[in-house]
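Good morning, colleagues, and thank you for your time. I would like to walk you through one structure; please look at the sequence and the model as I bring them up.

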Amino acid sequence: MDTSYPREDPRAPSSRKANDAAHTAVSMGTPGPTPRDHLLWSVFSTIYLNLCCLGFLALVHSVKARDQKIAGDLEAARQYGSKAKCYNILAAMWTLVPPLLLLGLVVTGALHLSRLAKDSAAFFTTKFDDEDYN
C-alpha cells in the first residue's frame with residue numbers, strides 16, 4: 001500500500017520530452033527514525049490504569065501521532081507521540097505510587113502499634129510489693 005504524499009496520477013500527460021537533459025538526484029541525508037506513537041501502551045493505560053482519564057488522553061494523542069505519521073508530517077507525529085508518552089508515564093505513576101505509599105503507611109503503622117502494645121503489656125505485668133502501698 002502506497003502511503004506517500006503527494007500522489008501523482010500515472011495517467012497524467014508528461015510535459016517532458018524524451019530528449020530532455022538527465023536528472024540529478026541529491027540526497028540531503030538519511031531521515032531520522034520514524035516517530036513512535038506508543039499506541040499499545042496507551043491502550044493498556046486506558047484499560048488498566050485509567051485514573052483521571054490520563055490513559056484516555058494518551059490514547060487520543062497516540063492515534064493523532066499515528067495519523068500524522070501516515071500523513072507524512074513527522075514533526076507533528078513526534079510531538080503527539082511525546083505527549084502520549086508523558087500521559088502514559090503519568091497514568092502509570094498515578095496508579096502505582098499511591099498503593100505503594102499506602103502499603104508503606106500500613107507497615108509503619110503496624111510496627112508502631114506493635115511497639116505500643118509491647119510497652120503496654122510491660123506496664124500491666126508490673127508486680128507491686130506491699131511496701132509500695134504504704
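Let me begin with the chain as a whole: it has 134 residues, and 15% of them count as buried. Please keep in mind throughout that this is a predicted model. The protein chain exposes about 11,400 Å², and 63% of that area is supplied by carbon and sulfur atoms.

As for secondary structure, the chain contains three helices and zero strands. Followed along the sequence, the pattern is therefore simply written α-α-α. Turning to contacts, consider those with a separation of 6 or more: residues 24 or more positions apart account for 64% of them.

I now come to the surface. Which residues form the nonpolar patch there? The members are Trp-41, Ile-89, Met-93, Leu-96, Val-97, Leu-100, Leu-101, Leu-103, Val-107 and Leu-111. Together they present about 940 Å² of accessible area. Helix α3, which covers residues 74–124, contributes the largest share of this patch, namely nine residues. One of the patch members, Leu-101, is located in helix α3. Is Leu-101 buried or exposed? Leu-101 counts as exposed because its relative accessibility is 55%, and the threshold for that class is over 50%.

Next, the aromatic residues. The structure holds one aromatic pair. Its partners are Phe-44 and Tyr-48, whose ring centres lie 6.1 Å apart. Their planes stand at 20°, so the pair is classed as stacked; the cut-off for stacking is under 30 degrees. Both Phe-44 and Tyr-48 belong to helix α1, residues 39–48. They are four residues apart in that helix, which is about one turn.

Finally, the cysteines. How many disulfides are there? The count comes to zero. Cys-52, for instance, takes part in no disulfide. The nearest cysteine sulfur to that of Cys-52 belongs to Cys-53 and is 7.4 Å away, while a disulfide would require the two sulfur atoms to be within 2.5 Å. Cys-52 counts as exposed because its relative accessibility is 56%. Cys-86, at 44% relative accessibility, counts as partly exposed.

Thank you for your attention.

Key: Residues numbered from 1 in each chain as written. Predicted model: local features only at pLDDT ≥ 70, side-chain atom pairs only at ≥ 80, totals over all residues. Heavy atoms only, no water. Patch = residues over 30% accessible without salt bridge, like charges linked within 9 Å, V, L, I, M, F, W, Y side chains within 5 Å. Areas by Shrake-Rupley, 256 points an atom, 1.4 Å probe, with all protein chains shown as cover. Salt bridge = Lys/Arg side-chain N within 4 Å of Asp/Glu carboxyl O. Helix = DSSP H or I, 4+ residues; strand = E, 2+ residues; numbered from the N terminus. Buried < 20%, exposed > 50% of the residue type's maximum accessible area, 1.4 Å probe, protein only. Phe/Tyr/Trp six-rings, centres within 6.5 Å; stacked < 30°, edge-to-face > 60°. Contact = heavy atoms within 4.5 Å.
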